[in-house]
Amino acid sequence: MAIIQGAISSNSLVPTALAQAPRRPDDDVDGEDLLLTAPGIEQPMYLAHRSHRSHQSHRSHSSHYSGGHGSGWRSSYDEPAPAPPPPPPKPAAVSLVAYPGGRIFVDGKLVGTDSTATLILTPGTHEVRVENQFVGDTSTSISVSEGQTGMVVIQW
């Protein structure tokens, strides 16, 4: 095969030039070299080399390729991605009103007297205690659901 050194003028190309793909005995079926031949050119010019199966084996044995067969690299298509964790539960935003009034405790913490501002509570059951200096004390459980809003009346 000839090696082109330097530039060739456009006048040196012959309109009857043909691209041919001669076969060598060691080529696989799908691998071919493209050569430019034309009348008056003694030796064909090398244009390109088509890939063949033996080149695929170079990838699996070469250290400079990342990925490919036998490299230990795993595609994201091999296994399904784990499901994302579910979102955390949405808290409840409620206010408490005690009748008769008194100091209001939720889960042992003082949160207001007679009524409370809006409280942000986790969904579930909470222990509520009301202390009234004249009537006495009472304890009860309230259950709030995810995203619940509004007022909870404690009547005792």
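Start with the hairpin made by S5 and S6, which has two residues between its strands. Click Asp107 in that turn: its phi is positive, about 55°. Strands here, like helices, are DSSP runs (strands E, at least two residues; helices H or I, at least four), numbered from the N terminus.

A word on what you're looking at: this is a predicted model, where local features need pLDDT of at least 70 and side-chain atom pairs count only at pLDDT 80 or more, while totals for chains, interfaces and linings use all residues. Residues are numbered from 1 along each chain as its sequence is written, and side-chain values use heavy atoms, with hydrogens and water left out.

Next, select 109-113, which is S6, along with S5: the two pair antiparallel over four bridges. (Two strands pair if DSSP finds at least two bridges between them.) Pick Phe105 and you'll find Leu110 as its bridge partner in S6.

Ile104 has Val130 as its bridge partner in S8, and Val106 stands opposite Val128.

Bring in S9 to complete an open, antiparallel sheet of four strands, in the order S6-S5-S8-S9. S6 and S9 are the edge strands, each pairing on one side only. On average, neighbouring strands in this sheet are turned by 25° against each other, direction ignored (axes are lines fitted to C-alpha atoms).

Time to look inside. Show the side chains of Leu96, Ile104, Val106, Leu121, Val128, Ile142 and Val144: they have the most contacts inside the largest nonpolar core, which has 14 residues. Such a core is a set of buried Ala, Val, Leu, Ile, Met, Phe, Trp, Tyr and Cys residues joined through side-chain atoms within 4.5 Å, and buried means under 20% relative accessible area (1.4 Å probe, protein chains only). Among the elements giving two or more residues to this core are S4 (92-99), S7 (119-121) and S10 (149-155). S4 gives the largest share, four residues.

What does Leu121 touch, leaving out residues up to four places away in sequence? Pro91, Ala92, Val94, Val106, His126 and Val144, with contact meaning heavy atoms within 4.5 Å.

Of the chain's 156 residues, 21% count as buried.

Note on methods: Buried < 20%, exposed > 50% of the residue type's maximum accessible area, 1.4 Å probe, protein only. Axes fitted to C-alpha atoms, helices over the stretch in contact; angles between N-to-C directions.
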